[in-house]
Amino acid sequence: KNRMQITNTKTGNIDNLIPTKSFSNDRLLIASLTNAIECLQKYLKENTKSFIKPKLTFTPMEIIKNDFSEAEVRIIQDVAYKSGAREVIINNAMPS
């Protein structure tokens, strides 16, 4: 919780984002939309060189009970689109 791991699918580079303002709490993956949006926007602004908005895929990195809930999916989509994504994919499968 309270971090984002971003993988550039073209280069394979992995960045771990640790926000300056917490966006998670003990109960929620994203408790503060504003802080999560600011964190992702800053990263995208610093790392996106093109005028084309990025396509973002979200995958849970910690063990969660079942898949993302409907509410979590909506929150993740909201954060991604407000941060500048052109497309958002929610991948509920845990990475191996």
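In this predicted model, the lining of the largest pocket is made up of 22 nonpolar, 11 polar and 11 charged residues. The space inside this largest pocket comes to about 1500 Å³. Its lining counts 44 residues, and those closest to the centre are Gln 5, Ile 6, Thr 7, Leu 56 and Thr 57. Four named elements, β1 (4-7), α1, β3 (55-58) and α2, each supply two or more residues to this lining. Which of them gives the most? That is α2, with 5 residues.

Now for the second largest pocket, which holds about 210 Å³ of space. One part of its lining is the run Leu 17, Ile 18, Pro 19, Thr 20 and Lys 21, and it is joined there by Asn 35, Glu 38, Cys 39, Lys 42, Tyr 43, Glu 46 and Asn 47. Here α1 is the element that gives the most, with 7 residues.

| Pocket | Volume | Lining by class | Element giving the most |
|---|---|---|---|
| Largest pocket | about 1500 Å³ | 22 nonpolar, 11 polar, 11 charged residues | α2, 5 residues |
| Second largest pocket | about 210 Å³ | 5 nonpolar, 3 polar, 4 charged residues | α1, 7 residues |

Let us turn to the two helices themselves. To describe two packed helices, one gives the angle between their axes and the distance between those axes. Helix α1 covers residues 33-47 and helix α2 covers residues 70-83; they pack at about 45°, and their axes are 8 Å apart. That angle makes α1 oblique to α2, and their crossing is right-handed.

Which residues make the contact? From α1 come Leu 33, Ala 36, Ile 37, Leu 40, Gln 41 and Leu 44, while α2 brings Ile 75, Asp 78, Val 79, Ala 80, Lys 82 and Ser 83. Sorted by class, this contact of α1 with α2 has 8 nonpolar, 2 polar and 2 charged residues.

Conventions:
Residues are numbered from 1 along each chain as its sequence is written. This is a predicted model: local features need pLDDT of at least 70, side-chain atom pairs count only at pLDDT 80 or more; totals for chains, interfaces and linings use all residues. Side-chain values use heavy atoms; hydrogens and water are left out. Axes are lines fitted to C-alpha atoms, for helices over the stretch in contact, and angles run from 0 to 180 degrees between N-to-C directions. Angles under 35 degrees count as roughly parallel, over 145 as roughly antiparallel, 65 to 115 as roughly perpendicular and the rest as oblique. A crossing is left-handed if the near helix is turned anticlockwise from the far one by less than a right angle, and right-handed if clockwise. Contact means heavy atoms within 4.5 Å. Ala, Val, Leu, Ile, Met, Phe, Trp, Tyr, Cys and Pro count as nonpolar, Asp, Glu, Lys and Arg as charged, and the others, Gly among them, as polar. On a 1 Å grid over the protein atoms alone, a cavity is a set of points where a 1.4 Å probe fits but cannot get out, and a pocket is an open set with protein on both sides within 12 Å along at least five of seven lines; lining residues have an atom within 4 Å of a point. Grid points are joined across faces, edges and corners, and a volume is the space filled by probe spheres set on the points.
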